[in-house]
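Below are some comments on the helix packing in this model. Please read them with the structure open.

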Amino acid sequence: DVYKRQTWYVRRSRDRMKLGNEDSRTALRVLGYSLVEISKMLAPFMPYLSEVIYRDLTSQESVHLASWTEAREYRQSILDEMTAARQIVELGLSLRKEQNLKVRQPLAELQYSFSDEELSLDEFMQQIIAEELNVKKVTNTELISRSNWVSKEAMGCSVALNTELTEELKTEGMARDLERAIQDLRKKSGLKVGQIVDLYYNSSDDQLVHALTNMVDRKKTFINQIKTNLEVDADYEIQATVNGSAIWLGLVQV
């Protein structure tokens, strides 16, 4: 039944976004608004699918009775700022790739400047850049050549990236790699989003153990507790390598 499959898909997509944190709620609101508006545009061409999406998300009678949303005016400066932000992110990612620094590895700082003195980015836009490039700090300043920094320039935009890795940054990078390994294990094990597990581990690398027990995001990975136990009979397990060190991870459903 096509109608049932469409309904299941829409509800499944919605439920997978309900992870409980503020970022997930914001993403869910944006996704919901986008789907509602798209359903209105699709209504003349895909009446059944658009009806499922619209009614499921709004609880209103029918998409075919809804009014078109009026177009809003926009400021050209917003588009210019977004273009500039994308340019910074592209240059930053390029520098990361050249220095063999994966995005999961946090870095201390990125600096940028524009040849156009009238162009500037607010704190909100800088925060987006920081999240995209996984850096702790983003600042608009005149770039100065210094040790452990690499830089790049294109289309009136200059970017400099601090590539120095402190022990704290290295440990945080290990934590992000561990989160990735845990999420991969959850996926391969068929665990549902939100299904709580206990995590067991075994490793001789003290720094890796510290990253696992103190810096892994337990809400994101849906972990109840983390502890070492060689005798546990894990439901799912994996032998992973993080930053050159081996670690055994086992999941037990709660």
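**Notes on helix packing**

1. H6 passes H7 in a right-handed crossing (left-handed if the near helix is turned anticlockwise from the far one by less than a right angle, right-handed if clockwise). The contact (heavy atoms within 4.5 Å) involves residues of H6 including Glu167, Met174, Leu178, Glu179 and Ile182, and residues of H7 including Leu208, Ala211, Leu212 and Met215.

2. This is a predicted model, in which local features need pLDDT of at least 70, side-chain atom pairs count only at pLDDT 80 or more, and totals for chains, interfaces and linings use all residues. Residues are numbered from 1 along each chain as its sequence is written, and side-chain values use heavy atoms, with hydrogens and water left out. Helices (H or I, at least four residues) and strands (E, at least two) are DSSP runs, numbered from the N terminus.

3. H6 covers residues 167–189 and H7 residues 206–215; their axes are 8 Å apart and the packing angle is about 70°. That makes H6 roughly perpendicular to H7 (under 35 degrees counts as roughly parallel, over 145 as roughly antiparallel, 65 to 115 as roughly perpendicular and the rest as oblique). Axes are lines fitted to C-alpha atoms, for helices over the stretch in contact, and angles run from 0 to 180 degrees between N-to-C directions.

4. Lysine 220 lies in helix H8 (residues 218–221). Its side chain and that of glutamate 179 are joined by a polar contact of 3.3 Å (a pair of N or O atoms within 3.5 Å; within protein, one must be able to donate a hydrogen and the other to accept it, and residues adjacent in sequence count only if both atoms are side-chain atoms). Lysine 220 is partly exposed, because its relative accessibility is 42% (buried is under 20% relative accessible area, exposed over 50%, partly exposed in between, with a 1.4 Å probe and protein chains only).

5. The axes of H4 and H5 come within 10 Å and cross at roughly 25°, so H4 is roughly parallel to H5. Among the residues making this contact are Ala85, Ile88 and Val89 of H4, and Met125 and Ile129 of H5.

6. In helix H5 (residues 123–133), the buried residues are Met125, Gln126, Ile129, Ala130 and Leu133. They fall within an arc of 145° seen down the axis, so they line one face of H5 (the arc is that of the directions from the helix axis to the C-beta atoms). Exposed Phe124 and Glu131 are on the face turned away from the buried side of H5.
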